[in-house]
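Here are some notes for you to read alongside the model.

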2 protein chains.
Amino acid sequence: MKLKVYADRISQPSRAVIIFCKANAVDFEEVRINLAKKENQTPEFKEINPMEQVPAIIDGRFKLFESHAILRYIAYSFPGVADHWYPADVFIRAKINSILDWHHLNLRRGSMKFVMNTVLAPAFGRRLNPQSASEAEKLVSSSLSKIESVWLKGDAKFLLGNPHPSIADLSLACEIMQFELLPDEDRERLLQHHPKILQWVKNVKNATNPYFEEVHSVLYKAKPSLLENLGAAGRRTSKL
Amino acid sequence: MKLKVYADRISQPSRAVIIFCKANAVDFEEVRINLAKKENQTPEFKEINPMEQVPAIIDGRFKLFESHAILRYIAYSFPGVADHWYPADVFIRAKINSILDWHHLNLRRGSMKFVMNTVLAPAFGRRLNPQSASEAEKLVSSSLSKIESVWLKGDAKFLLGNPHPSIADLSLACEIMQFELLPDEDRERLLQHHPKILQWVKNVKNATNPYFEEVHSVLYKAKPSLLENLGAAGRRTSKL
């Protein structure tokens, strides 16, 4: 039975897993779980992931959730995956784990909160919270600076100065790509002082194309209607 | 050269790493980094961990931060560590990774924010924020319920129904032990509906004693002065 990947491409960790499978020629079936339609909250999906989040996988009788755990599992278990994604070298692997662990409460937390409270909330039936967005922006900015100064020293092509991308490059780059959903001025403000970040995301894209662009095209398509929604929400808010 | 562990026992991930080393007879030197004195922000410590957080380790010439990455690295690299802590079995290891990844944005985020905004803030020169504490309490409660229903099914002794503890048991149990710093009524409110959690933390304690109790004794010692501080802070706030 083929590996099943339950995902919504609007979710950055979903995209990381899908791109990883495609770039490594893993034979898999993508099952869309539409978050905006709350398909992650159905009894059927809760059987797959009781945490109600995407991505999740089923491989034979084995179920797994959390994107980093899934990326590690696929890297371990599918013989076609090149070593550079999650190197057997104990020291490099430990450094990649360190980046992946750091990610959750730093770049991911900041980015998730900023994008939700700047553009996504109305699509999920929630209100935009400008104060949350402002706090999140600080965390995003400090996270981007840390990535540049700690893991992209000198002319590093990929994190840790590795010559090829790892699962950490893919996870973090997909998070930054989420900014494509933002109004242009917000995206520019976040990224304009981070030329190394921009070059590095381009490197990850080039190393995983055509899949990187193909999987991210959902963002470019979703943006106009999200911004329209946002305009309507803004007008609603201003009437209150 | 001995493994050096830079830690402050008031930090739950620091305790997890110290207990892990002790329980596995790893030969290490503990170097105290006093967070309340901001020793994590000195230029010397930033050379060890540019993210300014504990725990961090130096093993020979190798530096590493993020507690989960450190626990995995020690499990990989020190031959005396029993397999059950981070099993070589691909499926069990993947499930343990899934718990560790989930932890960051759920139990850890909730617990950190709740304890900070209920008791620790004044010791770090910050104000208590009751609204943050209230949001955090919801996240802690839902996280504890999820741990019980997903990973402590039936009469599971350890997470995933494993017969022995893993690094995930230790990391999450140390997080829950942080509630020992709280005023009794807060701790009771958080834990009273979670008998399985209480029994499981006891199991982790029994499996790692005397080290578990020894390393956690810092919390029992710190509590009275923190609560005193808190009283003073409360009086200051009420005068505003």
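1. Let me begin with Leu128(B), which lies in the loop between H4 and helix H5 (130-151) of chain B; helices here are DSSP runs of H or I with at least four residues, strands are runs of E with at least two, and both are numbered from the N terminus. Leu128(B) counts as partly exposed at 30% relative accessibility, where buried means under 20% relative accessible area, exposed over 50% and partly exposed in between (1.4 Å probe, protein chains only). Its C-alpha atom is separated by 7.4 Å from that of Met116(B), twelve residues apart along the chain. Leaving aside neighbours within four places in sequence, the contacts of Leu128(B) include Met116(B), Val119(B), Pro122(B) and Leu230(B); contact means heavy atoms within 4.5 Å.

2. A word on conventions: this is a predicted model, in which local features need pLDDT of at least 70 and side-chain atom pairs count only at pLDDT 80 or more, while totals for chains, interfaces and linings use all residues. Residues are numbered from 1 along each chain as its sequence is written, chains are lettered from A and ligands numbered from 1 in the order in which they are written, and side-chain values use heavy atoms, with hydrogens and water left out.

3. Now the sheet of chain A. Its four strands form an open sheet in the order S2-S1-S3-S4, with mixed pairing; two strands pair if DSSP finds at least two bridges between them. Strand S2 (28-32) and strand S4 (62-65) of chain A stand at the edges with a single partner strand each, so one side of each has no neighbour in the sheet. From one strand to the next, the twist averages 20°; axes are lines fitted to C-alpha atoms, for helices over the stretch in contact, and angles run from 0 to 180 degrees between N-to-C directions. Strand S3 (residues 56-59) of chain A pairs with S4(A) in the antiparallel sense over four bridges, and Ile58(A) stands opposite Lys63(A) in S4(A). H1(A) packs on this sheet, touching strand S1 (3-7) and S2 of chain A, and its direction makes about 150° with that of S1(A).

4. How far apart are the end C-alpha atoms of helix H1 (residues 12-23) of chain A? They are 16 Å apart, which agrees with the 16 Å that its twelve residues should span at 1.5 Å a residue; the expected span is 1.5 Å times one less than the number of residues. Ten of the twelve residues of H1(A) are buried, so the helix is largely enclosed by the rest of the structure. Among them are Arg15(A), Val17(A), Ile18(A) and Phe20(A). Just after H1(A), Ala25(A) takes a positive phi of about 50°.

5. Chain B has an open sheet of four strands too, in the order S2-S1-S3-S4 and with mixed pairing. Strand S2 (28-32) and strand S4 (62-65) of chain B are at its edges, each with a single partner strand, so one side of each is left without a neighbour in the sheet. The twist averages 20° from one strand to the next. Strand S3 (residues 56-59) of chain B and S4(B) pair in the antiparallel sense over four bridges, with Ala56(B) opposite Phe65(B) in S4(B). Helix H1 (residues 12-23) of chain B lies across strand S1 (3-7) and S2 of chain B, at about 150° to S1(B).

6. On to charges: there are 28 salt bridges over all chains, a salt bridge being a side-chain nitrogen of Lys or Arg within 4 Å of a carboxyl oxygen of Asp or Glu. One of them joins Arg72(A) and Asp101(B) (3.1 Å, N to O). Arg72(A) lies in helix H3 (residues 67-77) of chain A and Asp101(B) in helix H4 (residues 90-120) of chain B, so the pair joins two chains. Arg72(A) is buried, with a relative accessible area of 0%, and Asp101(B) is buried at 1%.

7. Two further salt bridges deserve a look. Glu175(A) and Arg108(A) meet at 2.8 Å, N to O, and both residues are buried. Glu52(A) and Lys46(A) meet at 3.6 Å, N to O; Glu52(A) is partly exposed at 22%, as is Lys46(A) at 36%. Lys46(A), Glu52(A) and Lys146(B) are linked in a network of salt bridges.
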